[in-house]
Amino acid sequence: MAPNMRFMPGPTNGRSNQIVQDWEPQEPWAVDYGDFKNMDADAKEAVIQREADENGIEKPKGYTVSFHYNAEVEYHHFGSSHPMKPWRLTLAKQLILAYGLEYAMDLYQPRPATFDELAIFHDRQYLGFLQSITPQNLDSDPEKAKYLELFGFGGESNDCPVFDGLWNYVSLYSGASVHAAHNLLNHQSDIAINWSGGLHHAKKNAASGFCYVNDIVLAIQHLLTQNQRVLYVDVDVHHGDGVEQAFESTDRVFTLSYHKYGLDKWGAGFFPGTGNINEVGPTDPSNRGKGHTLNIPLEDGIDDEQYKWLFKTVTGAVISKYQPTAIVLQCGADSLGGDRLGRFNLNIKAHGFCVEHVKSFNIPLLLIGGGGYTPRNVARTWCHETAVCTGSELHNNLPMHLPYLQAFDGTENGGGMLYPNLHNTKRHDNQNTREKLQKLVAHAMENLRYLEGAPSVVVNNHGLTEEQIMRIREKVDREMREEAEDKESRESEQGRRRRERNTGGRGEHRFR
């Protein structure tokens, strides 16, 4: 799609959307995908329609769910040995379409974000580097090579490699998140989904942890143009440090992150090494962001019931206290059991419980992806959570017309089921005792106790960035302080003059 194409003003028709065209759906009577992949479009359409009809999948009543996705994002590759596999997005899309969930949503194919849109948060020099760097000119241009370390590239782990199409990749997933936020602002959607987003580690001028551009920050900034308070919730196994850092000095965004904290399996600090329970934002009491961060650090092996209880208890308390007018939920799937990098024991429906619980508050909701390094389970989870959003029930046996069905076959791959036990190949020892979690919740509630009432500000309808808003607020606060100090000074001077005129009077004489 051309970079200068405008965001689509409305949903595409499910029968002609690019997502569906890429899929090549199947017909109900065929035994497997190979038997019917060459059938005409009408026959293919009939397969998915029948799948949706037989399972009662239709648009929910009373609210609208939108799906924001540009299939080009799948075609990028971090490298054969890198754990981040954009192919997981292909699997997720195919599952969502195979079950007929497209009929329950409005589908959008957003354009890539522009340089200027990304620069609302990111440093322009950093973006210029992202835009121009390629594997080919990396070695031939010493000027570019010297910026690698400065901008978070390279290093021993090479978490953020330079690969072909890097700029296109970051523009696509960021454009989808901003467009999803745009739908919420225009009241075209009540729940907007972008599984290709959720890159929560990226900083203003540096790549970090497989993340190059922070689409979450960009989407929240967009939401702030019309929302007084935005709650960001992160269930990725890694701390959402980039988002927390971006909004650390404002009371208009509250960041809540559930993640592993402590040592990894090699005895080193688990990435990114931040997010302890006592990290609640700036320590300066005059900073508006103080107390608007809550981190829930967890140990290896937390199970379904523990996580569900913890999430419901803490998230419910935060929503009640902060009263957000919009919520962004990052659904990183590396918190699943059996993940290549994660260390938790969560099954798919326990992960999906987080979506169910947040959805139950009926607050405009942006749902985005994140981590997840066992692609088949990432796909299963995001398909299930799409169904949660639309109020759909999915059968456990994967549709036979699903492309790449072989990726889910075999006991070690889940036996062709949507909801396999994810502990069938690997289970981590649970180091989260009941006593530890109760103590953690008590500490979290104590942190919340110091949060002032939900801030109320004039809604910004002029497209101002959060940085501009904060500068204006700081100016107003400074003027108010100066006015108060001036008034206090005048009153003090007037009091001194009265006392001088009244020397020896009734008041002074009493204290002789």
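1. **Annotated site.** The unreviewed UniProt entry lists D236, H238 and D334 as "binding site"; such annotations may be inferred rather than shown by experiment. These residues are spread over 99 residues of sequence, yet they cluster in space, with a largest C-alpha distance of 8.2 Å.

2. **Basis.** This is a predicted model: local features need pLDDT of at least 70, side-chain atom pairs count only at pLDDT 80 or more, and totals for chains, interfaces and linings use all residues. Residues are numbered from 1 along each chain as its sequence is written, and side-chain values use heavy atoms, with hydrogens and water left out.

3. **D236.** D236 sits in the loop between β4 (230–234) and α11 (241–246). Helices (H or I, at least four residues) and strands (E, at least two) are DSSP runs, numbered from the N terminus. D236 is buried, at 1% relative accessible area; buried means under 20% (1.4 Å probe, protein chains only). Its side chain reaches the backbone nitrogen of H238 at 2.9 Å.

4. **D334.** D334 lies in the loop between β7 (326–330) and α13 (348–359). D334 is buried too, with a relative accessible area of 0%. The side chain of D334 makes a polar contact with the side chain of H238 (3.1 Å). A polar contact is a pair of N or O atoms within 3.5 Å; within protein, one must be able to donate a hydrogen and the other to accept it, and residues adjacent in sequence count only if both atoms are side-chain atoms.

5. Beyond four places in sequence, D334 is in contact (heavy atoms within 4.5 Å) with residues including D236, H238 and G371. D236 likewise touches D334 and G371, among others.

Technical notes:
Buried means under 20% relative accessible area, exposed over 50%, partly exposed in between (1.4 Å probe, protein chains only).
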